[in-house]
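Here are my notes on the model, in numbered points. Please read them with the structure open.

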Amino acid sequence: MKPNPQFTQMIVKLFEQRKKTITPEDLTKHNSRSISFYSLSKGNFVNDCLVNKTELFSDQIMIEIQQGCRITIIGTPSAQTVYTGINAMKYDTFNNQGYLYWQATDQGGVTYLIAILMVSGAPQIKLTNLINESQIVHNVCELPR
């Protein structure tokens, strides 16, 4: 089931308005309140090779990062994965691009490195499994409060 046209237009407009880099102010924002994202599309990677992906707006995946990244919830209304933060969110830079990152465990006890970064000006949330280094990458749009 795809979102209705009005929702799609809102997401496109929000996506276009997104700033082009992550800044220390984003860390302050995440530490002061919960932030929600809509996943526009998702890709799964193993050994840096794409193994599957979704089309734009094919899922209804929402991502909620609770204040201070204590809890991160990813999924649809009927199927969600809860990640519990094990350290504080941090800000860093790589190639003059800012990003936020923290570690969290899923319900099965698997530890992930979660990062919010910009790739070619588009925001992504990347989850890297620290055991097998597989990755789940969500192209996202931050939702208004």
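**Notes on the predicted model**

1. Start with the largest pocket, which holds about 300 Å³ of space. It is lined by 14 residues, and those closest to its centre are Phe 94, Tyr 99, Ala 115, Leu 117 and Lys 126. Keep in mind that this is a predicted model.

2. Which strands supply the lining of the largest pocket? E6, E7, E8 and strand E9 (122–129) each give at least two residues to it.

3. Next, the aromatic rings. The structure holds two aromatic pairs. One of them joins Tyr 83 and Tyr 112 in an edge-to-face arrangement. Tyr 83 sits in strand E5 (residues 80–85) and Tyr 112 in strand E8 (residues 111–119), so the pair ties together parts that are 29 residues apart in sequence.

4. Are these two tyrosines buried or exposed? Tyr 83 has a relative accessibility of 5%, so it counts as buried. Tyr 112 is buried as well, with a relative accessible area of 11%. The cut-off for buried is under 20%.

5. Tyr 99 and Tyr 101 form an aromatic pair too, and this one is tilted. Its values are 5.6 Å centre to centre and 35 degrees between the planes. Tyr 99 counts as partly exposed at 22% relative accessibility. Tyr 101 is partly exposed, with a relative accessible area of 23%.

6. Now helix H2 (residues 24–32). Its residues Asp 26, Leu 27, Lys 29 and His 30 are buried. They span an arc of only 160 degrees around the axis, so they lie on the same side of H2. Glu 25 and Thr 28, on the other side of H2, are exposed.

7. What do the buried residues of H2 pack against? The list is E1, strand E3 (62–65), strand E6 (90–94), strand E7 (97–105), E8 and strand E10 (135–142). Of these, E6, E7 and E8 also supply residues to the lining of the largest pocket.

8. Asn 44 deserves a look. It lies in strand E1 (residues 35–46). Its relative accessibility is 17%, so Asn 44 counts as buried. The side chains of Asn 44 and Asn 52 are joined by a polar contact of 2.6 Å. Leaving aside residues up to four places away in sequence, Asn 44 touches Cys 49, Leu 50, Val 51, Asn 52, Gln 135 and Ile 136.

9. Ser 39 is in strand E1 too. It is buried, with a relative accessible area of 2%. Its side chain reaches the backbone oxygen of Ser 41 at 3.3 Å. Residues up to four places away in sequence aside, Ser 39 touches Ile 61, His 138, Asn 139 and Val 140.

10. How far apart are Ser 39 and Val 137 in sequence and in space? They are 98 residues apart in sequence, and 9.5 Å apart in space, C-alpha to C-alpha.

11. Phe 57 belongs to the loop between strand E2 (49–53) and E3. Although in a loop, Phe 57 is buried, with a relative accessible area of 13%. Phe 57 and Ile 11 are 46 residues apart in sequence, and their C-alpha atoms are 9.9 Å apart in space.

12. Two backbone angles to check. Asp 48 is not a glycine, yet its phi is positive, at about 60 degrees. Asp 48 lies in the loop between E1 and E2. It is exposed, with a relative accessible area of 68%.

13. Asn 96 also has a positive phi, near 65 degrees, and is a residue other than glycine. It sits in the loop between E6 and E7. At 76% relative accessibility, Asn 96 counts as exposed.

Notes. Residues are numbered from 1 along each chain as its sequence is written. This is a predicted model: local features need pLDDT of at least 70, side-chain atom pairs count only at pLDDT 80 or more; totals for chains, interfaces and linings use all residues. Side-chain values use heavy atoms; hydrogens and water are left out. Helices (H or I, at least four residues) and strands (E, at least two) are DSSP runs, numbered from the N terminus. Buried means under 20% relative accessible area, exposed over 50%, partly exposed in between (1.4 Å probe, protein chains only). A polar contact is a pair of N or O atoms within 3.5 Å; within protein, one must be able to donate a hydrogen and the other to accept it, and residues adjacent in sequence count only if both atoms are side-chain atoms. Contact means heavy atoms within 4.5 Å. Rings of Phe, Tyr and Trp (its six-membered ring) pair if their centres lie within 6.5 Å; planes under 30 degrees apart count as stacked, over 60 as edge-to-face and the rest as tilted. The arc is that of the directions from the helix axis to the C-beta atoms. On a 1 Å grid over the protein atoms alone, a cavity is a set of points where a 1.4 Å probe fits but cannot get out, and a pocket is an open set with protein on both sides within 12 Å along at least five of seven lines; lining residues have an atom within 4 Å of a point. Grid points are joined across faces, edges and corners, and a volume is the space filled by probe spheres set on the points.
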